[in-house]
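Here's a structure that may be new to you.

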Amino acid sequence: MNALHPRIRIVWILRSLIGAALLGAAATGIAIFLSEPLTIPAVLTGLFVILGVIHAILRYRNWQYVVGDDALYLERGVLTQVHTEVPLVRIQHVDSRRSAFERLVGLASTVVYTAGSRGADVTIPGLTPEAARDLRERLKGLAIEADGEDAV
Amino acid sequence: MKLAPASIPYRVFQKAGRVAISLVFLGSIGTEFAIGRELVIAGVGVIILLTAGYELAYYRRFRYEFTKDTFDVKSGVLNRREREIPYGRIQNVDISRNVIQRLLGLSAVNLETAGGGSTEAAIKYVTAEAATGIQSELRERKSTRGDREPAEGADTDEATKKQTAAEDELLFEIAPSELALAGVLSFDPRVPGLLFAIFTGSIPFVSPVIPQTDSPAVLLGVGVVFLIALVVLSWLVGAASAIVNYWGFRLTRSPTELRYERGLLKQYSGTIPFDKIQTVTISDNPLKRQTGYATLAVETAGYAPGQANERGSEAAVPIASRDRIKRLAEEIDGCETVSFNRPPKRIRRRYFARYLIGLAVLTGVLYGIGQLLAAETFSWYLPLAGLVLAPIAAHYKWLHRGYALGEDHLITRNGVWRRETKRVAYHRIQTVIDERTIFQRRWSVATVVADTAGSLSLLGNDAAAVDIDASDAIYLRRVLRTRLQAALAERRQQRNSVPAAASTPTPDSETLADDNEAAIGDETE
């Protein structure tokens, strides 16, 4: 199984920091409106930052993927652990994409689409741009090779 | 081929009706601003004229055509659109006719494919004969694609229709007693919601009628009466809509397709190709189980998320005896006799604990309300009676859960009140998902979901083996993976062994690698 690039933790931590900041701002606003002391929002924000960091680290630890002979396997999740198997014959198309945060730390994601309803798109984050491109090309090649029939 | 000429006045009428409503509103404002009545009437006239012009242009622009490999639709007045739909990609073909359309002899035809977010081609409106003509022509084309030249004209359509109608084998026809039963067992849950919305809006008007009293007994009485009325009304509406919907329900089969007809006021008919069926679901509830009845639904990938809600049950057999439903499922999707593997028995304790938590929360909330209202006689402790029922409920929840690995299908069963047995052919599985929440890990159980492209699955109705032992989950995942590959390999072999030019190809052979690359790519949005 392959792990993600360690820098993905920075992306996830940044995201949770933004969430915590928004929440903190809202809590501060309410506290000021109710003319309560600002300790509660401060503690709340701190708590969310800590939780976000722990979550990001655990999430990184639990994330694994591998391209097998006939399927792509993913394992991920902190509270709910999810194992997904995407048979290569079921791959419809493959994207690689880079969000603003990902570009900041020089990472990219590969997204695999199937015709399914629930697991219709599977994202593998935390790849270097080259790795994302390689994975995309590899999956594309394998999917064509697997020669699926009509997908639905 | 073009639309029916009668569609022009109907479409004008339809659009103008919508415009008229907004004009009535405008008119009522207009009188306040002293805009002359003449002006409003003139406005209406202009709008009707514009609509009529637009619809005439729409009629003149709209063309549909059967080509060698595709069904082409050219439409649009200002924004023009030309579409080619490969025959092999068409999922459902549905015809609907409401009362007014029936008077005018019109039908709407909807073609569904798996891609995109809405109906792929909506033909509004053609004559009833042309509609069934399109349906049977598409069926012909799908099974003998490329083998013959496009046929045109009503004569050929008529001939095909008669020919195919003769081939159809009747699978199911609803008997009056079954229709009545379907009505009796229906309960429309939308009614309480609607009534709630109306009543909350009209409380200021109703409140003077309600006896002004602080006595909780009277309030409770009013509440109970209201609740009973609500249940009776929902049931009546449900019964009426079920009867109107399933009036004259017929399910027939041809070698390649299922075909249904139903409806009293608005008539529906449609086709479902066998090779597009994703899942077959048999559902029942305690009442139906006791009386030996069940419901059958067939699911394809044709409908988009929003549509699945309103039209998902189209191909469902509303009610029939359990044996008959079982035979129908076998006819449609192959025979399977299996026994279910239940989740481990320890899981009943988990359900019990879950119910206890639920009861505790409910009691707590009621207690809180009682304290707030300072009502002495408020019996907040009533839900605690559920303590006796909780172990029974937990047992039944466990009892009705299970999964089975059949010869060609994964079969799962879930739910006590609405028990659903789902059959997914191995070759229909898209992805296999194994989920373990933090609580499930404590009990070392897992949920394995076999995701398909079916449109109802979007509501979280995928075939799922819930709360099975963690080691069983790993085993199930492996079995599903190997059986999917084996089923696909077998189908590939079958396909290759049938010569491409054979006159009677199997339903699957038409969706060959030739259009594999153009497979439904944008399907997942």
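**Reading the model**

For "transmembrane region", the UniProt record (an unreviewed entry) lists residues 12–34 and 40–58 of chain A. UniProt positions follow the numbering used here, feature names are shortened, and annotations may be inferred rather than shown by experiment. Residues are numbered from 1 along each chain as its sequence is written, and chains are lettered from A and ligands numbered from 1 in the order in which they are written. This is a predicted model, where local features need pLDDT of at least 70, side-chain atom pairs count only at pLDDT 80 or more, and totals for chains, interfaces and linings use all residues; side-chain values use heavy atoms, with hydrogens and water left out.

Q: What makes up residues 12–34 of chain A, and how far apart are the end C-alpha atoms?
A: That span is 96% helix and 0% strand, with its end C-alpha atoms 33 Å apart. Helices (H or I, at least four residues) and strands (E, at least two) are DSSP runs, numbered from the N terminus.

Q: What about residues 40–58 of chain A?
A: Here the span is 100% helix and 0% strand, and the end C-alpha atoms lie 27 Å apart.

Q: Which residues of chain B does UniProt list as "transmembrane region"?
A: The unreviewed entry lists residues 12–33, 39–59, 191–210, 216–249, 352–374 and 380–399 of chain B. Residues 39–59 of chain B are 100% helix and 0% strand in the model, with end C-alpha atoms 30 Å apart. Residues 352–374 of chain B are 96% helix and 0% strand, and there the ends are 32 Å apart.

Q: How do you know what confidence chain B has?
A: Look at pLDDT, the predictor's confidence in each residue, from 0 to 100. Chain B has a mean of 79, and 78% of its residues reach 70 or more.

Q: Why is B:Asn92 called buried?
A: Buried means under 20% relative accessible area, exposed over 50%, and partly exposed in between (1.4 Å probe, protein chains only). B:Asn92 has 2%, so it is buried. This residue is in strand E4 (residues 90–97) of chain B.

Q: What makes the link between the side chains of B:Asn92 and B:Thr300 a polar contact?
A: A polar contact is a pair of N or O atoms within 3.5 Å; within protein, one must be able to donate a hydrogen and the other to accept it, and residues adjacent in sequence count only if both atoms are side-chain atoms. The contact between B:Asn92 and B:Thr300 is 2.9 Å.

Q: Why does B:Gly88 count as buried?
A: Its relative accessibility is 5%, so B:Gly88 is buried. You'll find B:Gly88 in the loop between strand E3 (81–86) and E4 of chain B.

Q: Is A:Ser35 buried or exposed?
A: A:Ser35 has 65% relative accessibility, so it counts as exposed. A:Ser35 sits in the loop between H1 and H2 of chain A, and its phi is near 45°, a positive value in a residue other than glycine.

Q: Why is B:Ser444 called partly exposed?
A: Its relative accessible area is 36%, so B:Ser444 is partly exposed. B:Ser444 isn't a glycine, yet it has a positive phi of about 40°. Most residues other than glycine have a negative phi, and most peptide bonds are trans.

Q: Where is there a cis peptide bond?
A: One joins B:Lys124 and B:Tyr125, with omega about -5°. B:Tyr125 is in strand E6 (residues 121–127) of chain B.

Q: What does B:Asn98 touch?
A: Not counting residues up to four places away in sequence, B:Asn98 touches B:Tyr10, B:Leu265 and B:Lys266.

Conventions. Contact means heavy atoms within 4.5 Å.
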